[in-house]
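Below is a report on the fold of one protein chain. It covers the sheet, the helix and the core in turn.

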Amino acid sequence: TDRSREGVVLLQPRLVNHPALRPLSPNALSTIRVVTTRRPGEAPRLFAGLLRMGTGSATADNFAQGGIAAAADPATGVVGEARRVDKEHRTHVYRAHPDTGAPVAGFRVPCWDEAVRLAVDAHARLGPIAAVGWDVA
């Protein structure tokens, strides 16, 4: 018998980028890395966030596939220049997406407040964990 067809199969809906993000990540689902922290006796809060974007024909937005990332202003969700580190550990800086030419610096991440609220609320349910990095699509 063909055992490769046995077992559990998980089907999930395919997520696509918000229309505003498509010029910044045309082939990969772009995520927002939201880092939350929690001090003892306090509620979780946003520590940092960044927009991750795919490049080339990559199917993921991570650095291992050549992705770029731009830090976001915590209050507004507006990002600065994007960065990528190559295999020789050199940092490359981009004011615009290297494939599409769409401006990165100054871009406001859509649904920023909602993504931050989702991560902070999720952290609150985890208990006394000091820091968590969330990838929100």
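The report starts with the basis of the model and the overall layout.

## Basis and overall layout

This is a predicted model, in which local features need pLDDT of at least 70 and side-chain atom pairs count only at pLDDT 80 or more, while totals for chains, interfaces and linings use all residues. Residues are numbered from 1 along each chain as its sequence is written, and side-chain values use heavy atoms, with hydrogens and water left out.

The C-alpha trace spans about 55 × 50 × 35 Å along its principal axes. Of the 137 residues, 34% are buried; buried means under 20% relative accessible area, exposed over 50%, and partly exposed in between (1.4 Å probe, protein chains only).

## The sheet

The six strands make an open antiparallel sheet in the order β5-β4-β3-β2-β1-β6. Strands count as paired if DSSP finds at least two bridges between them. β5 and β6 are the edge strands, each pairing on one side only. On average, neighbouring strands are turned by 25° against each other, direction ignored; axes here are lines fitted to C-alpha atoms, for helices over the stretch in contact, and angles run from 0 to 180 degrees between N-to-C directions.

β1 and β2 are antiparallel and joined by seven bridges, with Val35 partnered by Ala48 in β2. β3 and β4 pair over three bridges, and the two form a hairpin with six residues between them, where Gly77 in the turn has a positive phi of about 80°. β4 and β5 (residues 91-94) are joined by four bridges. Their hairpin has five residues between the strands, and His89 there takes a positive phi near 70°. Arg83 in β4 stands opposite Ala69 and has Val93 as its bridge partner in β5.

## The helix

α1 has 15 residues and reaches 22 Å from first to last C-alpha, close to the 21 Å expected at 1.5 Å a residue; the expected span is 1.5 Å times one less than the number of residues. Trp112, Ala115, Val116, Ala119, Val120 and His123 are buried in α1. Seen down the helix axis, these buried residues fall within an arc of 125°, so they line one face of α1. The arc is that of the directions from the helix axis to the C-beta atoms. Leu118 and Arg125, on the other side of α1, are exposed.

The buried residues of α1 are covered by elements including β1, β2, β3 and β6 (131-136), where contact means heavy atoms within 4.5 Å. The direction of α1 makes about 140° with that of β6. Gly127 follows α1 and has a positive phi, near 95°.

## The nonpolar core

A nonpolar core is a set of buried Ala, Val, Leu, Ile, Met, Phe, Trp, Tyr and Cys residues joined through side-chain atoms within 4.5 Å. The largest one has 23 residues, and Leu51, Met53 and Val79 have the most contacts inside it. At least two of its residues come from each of β1 (31-37), β2 (45-53), β3 (68-72), β4 (79-85) and α1 (112-126). α1 gives the largest share, five residues.

Leaving aside neighbours within four places in sequence, Leu51 contacts residues including Leu21, Leu24, Ile32, Ile68, Val79, Phe107 and Val109.
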